Amino acid sequence: LGSLITCLSLFTYTLVIQHLYCVNEDPMISRVKKIEPPYTKLYSTLSASMCTLSVVLIFTTYPVCTQYNCGYNPLGNFYYNAVLDTYIAAKLFLYFLFIG
């Protein structure tokens, strides 16, 4: 189940990045002045990247921690801090996107 969720998360990430950077804009829209904030693509990309990285880290914790002890040691602390920091960064960039 974890690998399925990870694959779906990576697939969704590729769709978001493809839509942001690879889809051509409609010529009618490009003639009209855009009312879009300047950092929309940047915040969207960073939020999607951090969210995907958080999901991947969460689901790679289980195979690693069953083989090694992930208690109160540097490996466990790394996974805890990495998951927490990427989740917070994803939420932060999403808030910036909605506020801006």
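## Helix packing and aromatic pairs in a predicted model

Let's start with the sulfur atoms: searching the whole structure turns up zero disulfides. Keep in mind as you read that this is a predicted model. Two cysteines are worth a look here. C22 is exposed, with a relative accessible area of 56%, while C51 has a relative accessibility of 41% and counts as partly exposed.

Now turn to a pair of helices. Two packed helices are described by the angle between their axes and the distance between the axes. Here, helix α3 covers residues 40-67 and helix α4 covers residues 74-99; their axes come within 8 Å and cross at roughly 155 degrees. Angles over 145 degrees count as roughly antiparallel, so α3 is roughly antiparallel to α4. As for handedness, the crossing of α3 and α4 is left-handed. What kinds of residues make up the contact of α3 with α4? They divide into 19 nonpolar and seven polar, with no charged residues.

Next come the aromatic rings. A pair of aromatic rings is described by the distance of the centres and the angle of the planes. With centres within 6.5 Å as the criterion, the count comes to six aromatic pairs. One of them joins F59 and Y62, whose ring centres are 6.3 Å apart with 55 degrees between the planes, a tilted arrangement. Both F59 and Y62 belong to helix α3, where they sit three residues apart, about one turn of the helix. Are these two residues buried, partly exposed or exposed? F59, at 24% relative accessibility, counts as partly exposed, whereas Y62 is exposed, with a relative accessible area of 53%.

F93 and F96 form an edge-to-face aromatic pair, 6.2 Å centre to centre and with 70 degrees between the planes. Planes over 60 degrees apart count as edge-to-face, which is why the F93 and F96 pair carries that label. F93 and F96 are three residues apart in helix α4, so about one helical turn separates them. F93 has a relative accessibility of 18% and counts as buried, because the cut-off for buried is under 20%. F96, on the other hand, is partly exposed, with a relative accessible area of 35%.

How values were computed. Residues are numbered from 1 along each chain as its sequence is written. This is a predicted model: local features need pLDDT of at least 70, side-chain atom pairs count only at pLDDT 80 or more; totals for chains, interfaces and linings use all residues. Side-chain values use heavy atoms; hydrogens and water are left out. A disulfide is a pair of cysteine sulfur atoms within 2.5 Å. Buried means under 20% relative accessible area, exposed over 50%, partly exposed in between (1.4 Å probe, protein chains only). Axes are lines fitted to C-alpha atoms, for helices over the stretch in contact, and angles run from 0 to 180 degrees between N-to-C directions. Helices (H or I, at least four residues) and strands (E, at least two) are DSSP runs, numbered from the N terminus. Angles under 35 degrees count as roughly parallel, over 145 as roughly antiparallel, 65 to 115 as roughly perpendicular and the rest as oblique. A crossing is left-handed if the near helix is turned anticlockwise from the far one by less than a right angle, and right-handed if clockwise. Ala, Val, Leu, Ile, Met, Phe, Trp, Tyr, Cys and Pro count as nonpolar, Asp, Glu, Lys and Arg as charged, and the others, Gly among them, as polar. Rings of Phe, Tyr and Trp (its six-membered ring) pair if their centres lie within 6.5 Å; planes under 30 degrees apart count as stacked, over 60 as edge-to-face and the rest as tilted.
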